[in-house]
Amino acid sequence: MKKMNKWVIVTILLCLLLPYKAFADAAVGEMIVTLGENLTNEQKNMILSEMKAPNDVEVLTVTNAEEHEYLGDYIASRLIGTKAISSSAITLEEKGTGLKLESKNINWVSDEMYINALATAGVKDATVYVTAPIPVSGTAALTGVIKAYEISADKKIPEDVKQAANEEMVKTAKLGDEIGTEEASALVTKIKEEMAANPPANTEEVREVVESSAKDLGIALNEDQVQSLIDLFNKLKELNIDWNAVGDQLTAAKDKLSNFLESEEGQSFLDKLKEVFSSLIDAIKSLFS
């Protein structure tokens, strides 16, 4: 065998010994940004400034094809559009911090809906910022946030879990159109809390969790809405999601749930529920009078 050139040997050794640029060691406080590929340079600079991103921030591009890949089964293609402009920034935080999120120019998906979907996907302990140069629905932004988290945390999220997180976000937003955004977000958070406390074993138990959660919040659902939530949480159940881990990330969403229950709107729901029971009791009494 011919002697190998010494410079070839040196090159091989350097490749083996020098660390490849990886994000596994991404430090707490480090930001990664995703920008829609159809943003103009002016819009990109404006968004980076808005995010207060450092000059050397790692920037990823999200394409319209990726948006269609993860959303195409849940909303019409015309609603996804042909341009990717939603952008996001994710910053890793200390373990146990949970998920925090702020958004701008997002007019359909609420902050709590994002947090719930991200927790379902397995995103942990991070501060997230979602934005766009003009008002948008916000559905496409989840793709970018998950993409950035996979790199920053050096964690591959299974494709079926990504799909489920996107489906959850869209279904919650659609339910919000029907019963109210805060009500829909509070209900999904409540269902997750119940699933963490008492994991359902079958479809009937999932139905019980959905219906009891809605009842506890004083939210009236029709059968189509109940079935849509059952289908969603049945799918999530089959993915073997760690509901306790999900619950640990939902501090902000749980706070919003508590605020909703204490709010005038939430109290009115509970008061109506009390009135129903009071009327029922009065009706029963009248039968024996």
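**Helix packing**

Reply: This is a predicted model. The axes of helix α5 (residues 111-121) and α8 come within 9 Å, and they cross at roughly 25 degrees.

Me: What makes α5 roughly parallel to α8?

Reply: The angle. α5 and α8 cross at roughly 25 degrees. Angles under 35 degrees count as roughly parallel, so α5 is roughly parallel to α8. In handedness, α5 passes α8 in a left-handed crossing.

Me: Which residues of α5 and α8 meet?

Reply: From α5 come Glu112, Met113, Asn116, Ala117 and Thr120. From α8 come Thr181, Ser185, Val188, Thr189 and Lys192. By class, this contact of α5 with α8 has 3 nonpolar, 5 polar and 2 charged residues.

Me: What makes the contact between α8 and α9?

Reply: α8 supplies Ala186, Leu187, Lys190, Ile191, Glu194 and Met195. α9 supplies Val209, Val210, Ser213, Ala214, Asp216 and Leu217. Sorted by class, the contact of α8 with α9 has 8 nonpolar, 1 polar and 3 charged residues.

**The sheet**

Me: What is the strand order of the open sheet?

Reply: The order is β2-β1-β3-β5-β4, with mixed pairing. The sheet has 5 strands. On average, neighbouring strands of this sheet are turned by 15 degrees against each other, direction ignored.

Me: Why are β2 and β4 called edge strands?

Reply: β2 (58-62) and β4 (99-103) each pair on one side only. Pairing takes at least two bridges between two strands.

Me: How do you know that β1 and β3 pair?

Reply: Count the bridges. Strand β1 (residues 31-36) and β3 share 4 bridges, in the antiparallel sense. At least two are needed, so β1 and β3 count as paired. Methionine 31 has threonine 91 in β3 as its bridge partner. Isoleucine 32 stands opposite isoleucine 90 in β3.

Me: What joins β3 to β5?

Reply: 6 bridges join β3 to strand β5 (residues 126-131), and the two run antiparallel. The cut-off is at least two, so β3 and β5 pair as well. In β5, threonine 131 is the bridge partner of serine 87.

Me: Why is β3 described as largely enclosed by the rest of the structure?

Reply: Buried means under 20% relative accessible area. 6 of the 6 residues of strand β3 (residues 87-92) are buried, so the strand is largely enclosed.

Me: Which residues of β3 are buried on each side?

Reply: In a regular strand, side chains alternate between the two faces of the sheet. In β3, Ser87, Ala89 and Thr91 are buried on one side. Ser88, Ile90 and Leu92 are buried on the other.

**Glutamate 66**

Me: What is glutamate 66 in contact with, leaving aside its neighbours within four places in sequence?

Reply: Thr61, Thr143 and Lys147. Contact means heavy atoms within 4.5 Å. Glutamate 66 is found in helix α3 (residues 64-71). The C-alpha atoms of glutamate 66 and alanine 140 are separated by 8.8 Å, though these residues are 74 residues apart along the chain.

Note on methods:
Residues numbered from 1 in each chain as written. Predicted model: local features only at pLDDT ≥ 70, side-chain atom pairs only at ≥ 80, totals over all residues. Heavy atoms only, no water. Buried < 20%, exposed > 50% of the residue type's maximum accessible area, 1.4 Å probe, protein only. Nonpolar A, V, L, I, M, F, W, Y, C, P; charged D, E, K, R; others polar. Axes fitted to C-alpha atoms, helices over the stretch in contact; angles between N-to-C directions. Parallel < 35°, antiparallel > 145°, perpendicular 65-115°, else oblique. Left-handed = near helix turned anticlockwise from the far one by under 90°.
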